[in-house]
Each structure stands twice: as structure tokens, then as C-alpha cells.
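Have the structure open as you read.

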Amino acid sequence: KAAVTKNALPNKLLLVCVEQMPIGPTVFVPEAEKQKRRKTVMNPTVTPPLVSLQLIHVACVCAGHNASRDVVTLVKSVLFHRRNPLHFHFITDTVANRILSSLFRSWMVPSVQVSFYDADELKSEVSWIPNKHYSGIYGLMKLTLTKALPPDLNKVIVLDTDITFATDIAELWGIFRKFTDKQVIGLVENQSDWYLGNLWKNHKPWPALGRGFNTGVILLYLERLRRISWEQMWRLTAERELMSMLSTSLADQDIFNAFIKQNPVLVHQLPCFWNVQLSDHTRSEQCYTEVSDLKVIHWNSPKKLRVKNKHVEFFRNLYLTFLEYDGNLLRRELFGCPSQASPESIQLQGALEELDEDDQCYDFRRERLTVHRVHLEFLQYEYTPTEDDVTLVAQLSMDRLQMLEAICKHWEGPISLALYLSDAEAQQFLRYAQASEVLKNRKNVGYHIVYKEGQFYPVNLLRNVALKNANTPYTFLTDVDFLPMYGLYDYLR
């Protein structure tokens with residue numbers, strides 16, 4: 001630790017030491033920042049960029065197991081580039097709340113706050129709107145943000161879960177300064193012909209200004225929206241248009257566009273690179289042929305990564321970078337922006353300082369204090385237990401994955417599994433499970449990912465995660481390479 005502080009180690013070794021040190025006052029300096037500093041030293045006329053400590057607020061609507069997985073990739077891309085403290089606001093159902101609250105609590109990322117808001121309490125605000133979009137009622141929730149979010153919150157960036165950032169989100173936050181006094185919403189133009197109404201015969205979209213706007217990325221000036229009675233205005237707009245349109249096709253986007261058509265002075269049009277939309281009928285190529293510095297990629301097709309696009313391979317690779325990126329590397333203090341340590345990190349730091357480095361068991365004792373990221377219910381889990389129900393509980397790593405199909409064939413009851421995987425291995429497991437005829441049809445198997453960290457296999461931690469998340473009165477604890485006899489589930493009950 002002293003050697004790191006004095007910069008007495010070579011750079012590569014220094015990085016290894018910093019990443020293995022506990023969360024605390026450690027400062028990680030990205031390579032891009034080092035390059036900037038070197039240029040500043042060599043050229044004294046270059047003014048070093050100021051790192052703002054301003055808190056940036058980001059809101060997302062997230063419901064269900066799949067969206068909870070998707071939002072993690074979005075968060076990784078934001079954390080990778082950011083240099084500001086962040087506050088995430090999640091409007092969630094019960095499932096997403098449980099998954100994401102556990103994930104962020106165990107992730108322990110410095111300078112990140114997380115708040116959750118119950119989507120069930122907001123459903124009555126939008127349930128009266130007929131909606132054909134695949135997102136269902138949750139696709140309308142962004143209309144309620146002035147009511148859902150704290151009344152003292154003035155500005156927020158609103159993102160869909162299928163967004164990937166390729167730059168610092170502070171650049172997007174800075175666009176609020178370019179709003180005129182009357183502008184309340186910042187949006188990127190829609191990059192398909194949907195709102196022009198010429199995609200097929202009898203295609204009748206909702207009214208929109210020109211090509212309309214896409215609501216995957218929104219800058220909301222909440223303070224001004226409340227001042228103009230936003231809730232009342234969008235309701236009146238929706239009621240008027242539903243008299244002839246009968247339902248929405250693109251959820252909240254239709255209502256936002258109808259509102260803007262009536263009030264064009266209220267919208268601030270963002271440059272197209274802040275929301276490059278990758279749907280089948282997109283015109284996004286006209287955006288990035290002119291702009292090499294892409295900012296935000298939006299997988300807004302129901303096909304997601306399977307969308308047809310000339311440059312989709314490039315975008316897919318960028319997305320996969322964050323999908324499989326080691327989230328532990330994002331547990332770093334912001335440069336020049338010290339954060340107030342959480343009670344958990346203070347307690348952890350104190351426990352680490354009490355360890356004796358001369359103790360022969362030091363490595364084991366230190367590993368015991370490691371806080372592993374945990375992603376509960378990585379795949380869809382739906383099961384209501386009975387009074388005499390019993391769950392098979394086990395833990396495994398990637399080398400035991402082949403046992404899962406056999407166990408599921410022998411045990412038809414609920415199963416709770418803790419899997420010790422890296423971020424990349426978690427995606428390999430996901431592909432394996434989705435391709436397996438046996439596993440993909442089982443909704444009563446809870447897969448809980450405990451992400452790899454350190455040099456030891458935390459067998460007791462894994463068992464405890466699997467045990468804790470079994471929701472039946474009884475459990476059958478076994479090693480994953482034991483195969484239960486046929487009928488054992490009924491026999492034990």
C-alpha cells in the first residue's frame with residue numbers, strides 16, 4: 001500500500017495492486033486521463049479539463065427478469081465513462097426491485113446512489129390508456145415521472161434499458177444549459193419513417209412534428225414541467241387523440257409526440273448521435289455517416305441484436321464489450337471527486353485494517369471479507385410453493401454446468417442454484433440455458449449469479465446465497481454432482 005502511494009511500482013503492477021485493494025480512498029486513473037495529464041505537462045498552454053462534482057440524475061423504468069439483466073449492461077456503459085457522481089432512479093416492479101437492490105448493495109460502487117419507486121403505485125395513472133406496444137403498461141410509465149420522482153428533483157436524464165453509452169453521460173447532462181427558457185424536453189428525432197405514415201397501406205400513426213421524436217433518451221426539465229402542469233397536459237392530449245386512434249402503438253412515445261405537435265416550442269432537439277436507433281426501418285446511417293463520434297446506441301427493435309443493419313456488427317461488438325465487462329473494475333473512486341464512504345465500506349475498511357499481514361492465514365482471512373456482487377434470479381423465476389414444498393439447493397461453477405440438465409430431469413420440484421461465474425461466463429451460461437430444451441422450459445429454477453473475485457472458491461457463501469433464496473418451507477441441500485433418484489421430490493414431501 002505504501003509502495004502504491006509513492007508510485008514506486010511499475011505502471012502495470014500498480015494497476016493490479018490498486019484493483020485488488022479494498023474499496024476506500026484508492027484513486028484509479030484511467031489511461032485516457034493519464035494521456036491528458038502528460039499532454040498538459042508537455043504543453044503548458046493546454047488548460048486541463050475541470051472535473052465537475054455535480055450530481056447527475058438518471059431515471060429508468062425496469063420490470064421483470066429480462067429488463068433487470070439489460071439495465072446492468074446500460075449501467076456498466078455509463079459507469080465506465082463517467083467522471084461524476086450519479087444517482088439512479090429506478091421505477092420497478094417487485095421482481096426488478098429485489099434483483100437490482102441486491103445487486104447494487106453488493107456492488108458497492110463509490111459515488112453512486114440508487115433509489116427505487118414502486119411501479120404498482122403508478123399503474124393507475126396510465127392503466128386507462130390502451131397500448132399495443134410489447135412493453136405493456138410499463139412502456140407508459142415515463143409519463144408519470146414528474147409525480148414519481150422527488151418534488152425537489154429539478155432535472156433528470158431518462159433512458160430505456162436497451163441503451164448503450166459510448167461517452168461520458170456528463171456531456172448529455174450539459175445540454176440542459178442549452179435549453180431556452182421555454183424548453184422542457186430534450187429529444188432526438190425519430191430515425192424511421194413511422195410517423196410519416198407511409199410504411200404500409202392504411203398505416204395511420206399518431207400525430208407528430210415532422211418525423212417525430214424517439215423517447216429512448218429524454219432530457220426532462222422536471223421543475224419546468226411541473227410549472228406548466230405537465231400531468232394535466234399529457235392527459236388531455238392522450239384523451240383527445242384516443243378518441244380517433246383508440247390505442248397507442250409505441251406507448252409513451254405516441255403521447256409525447258402528440259403533445260409536442262401541439263406545443264413545439266417546448267422541445268429541444270438533440271443531435272442524432274445521442275440516440276442512434278437500430279430498428280429494421282431506421283435512417284440512422286444518415287446520422288453516423290456525418291458523425292464519427294457516436295454517443296449513444298439504442299437497440300429499439302424487438303429483435304434487439306438480431307436487427308438488420310449494415311453496420312450492426314460494429315454496434316454489437318460495442319454492446320458485447322459492456323455485456324461481458326468485469327463489473328468489479330468499476331468499483332473505483334472518481335478522480336478528484338472524493339465520495340463519502342458508506343457505513344458498509346467503512347466497516348469493511350476497518351475489518352481489513354485489523355488483519356495481521358504476517359499471519360500465515362492472512363490471504364484466507366482477507367478473502368472472507370470480500371463483498372461479491374450478487375445477481376439474484378438471473379433467468380425468469382415463477383413459482384408459488386405449497387405448505388409441504390422442498391427446494392433442491394446447490395452451488396456450482398462453469399465446470400459443472402453439464403450437470404444441470406440431468407438434475408432437472410430427475411427433480412421436477414423447485415431448485416435454487418448459486419453459480420460462481422465471471423461476467424463473461426454469466427453470458428455463456430445464459431446462452432446455454434436459453435438453448436437447452438430442458439432448462440428453457442423450467443420456470444421453477446432460481447439461478448443466482450455470484451460474480452468471481454479473488455483467488456479462492458467461496459463455497460459457504462455460495463451455499464448461503466442459494467439457501468437464502470429458496471422460498472419453500474423445506475430445503476434439500478446437496479452437491480451439484482449428486483444426481484437424485486427419480487421421484488425423490490415427491491418422496492421427501
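Which residues in α10 meet α11? On the α10 side they are W230, M233, W234, T237, A238, R240 and E241, and their partners in α11 are I255, F256, A258, F259 and Q262. By class, that contact has eight nonpolar, two polar and two charged residues (Ala, Val, Leu, Ile, Met, Phe, Trp, Tyr, Cys and Pro count as nonpolar, Asp, Glu, Lys and Arg as charged, and the others, Gly among them, as polar). Contact here means heavy atoms within 4.5 Å.

Before going on, note that this is a predicted model: local features need pLDDT of at least 70, side-chain atom pairs count only at pLDDT 80 or more, and totals for chains, interfaces and linings use all residues. Residues are numbered from 1 along each chain as its sequence is written, and side-chain values use heavy atoms, with hydrogens and water left out.

Back to the helices: the axes of α10 (residues 230-245) and α11 (residues 252-262) come within 9 Å and cross at roughly 100 degrees. That makes α10 roughly perpendicular to α11 (65 to 115 degrees counts as roughly perpendicular). Axes are lines fitted to C-alpha atoms, for helices over the stretch in contact, and angles run from 0 to 180 degrees between N-to-C directions.

In total the protein has 19 helices and 15 strands; these are DSSP runs numbered from the N terminus, helices (H or I) of at least four residues and strands (E) of at least two.

| β5-β10-β9 | β5 (163-165) and β9 (276-277) |

β9 and β10 (residues 296-298) run in the parallel sense over two bridges, with Q277 partnered by H298. β11 and β14 (residues 445-451) instead pair in the antiparallel sense, over two bridges, and V374 sits opposite V450.

Now the interior. Buried residues (under 20% relative accessible area, 1.4 Å probe, protein chains only) make up 51% of the 493 residues.

Definitions and conventions: Angles under 35 degrees count as roughly parallel, over 145 as roughly antiparallel, 65 to 115 as roughly perpendicular and the rest as oblique. Two strands pair if DSSP finds at least two bridges between them. Buried means under 20% relative accessible area, exposed over 50%, partly exposed in between (1.4 Å probe, protein chains only).
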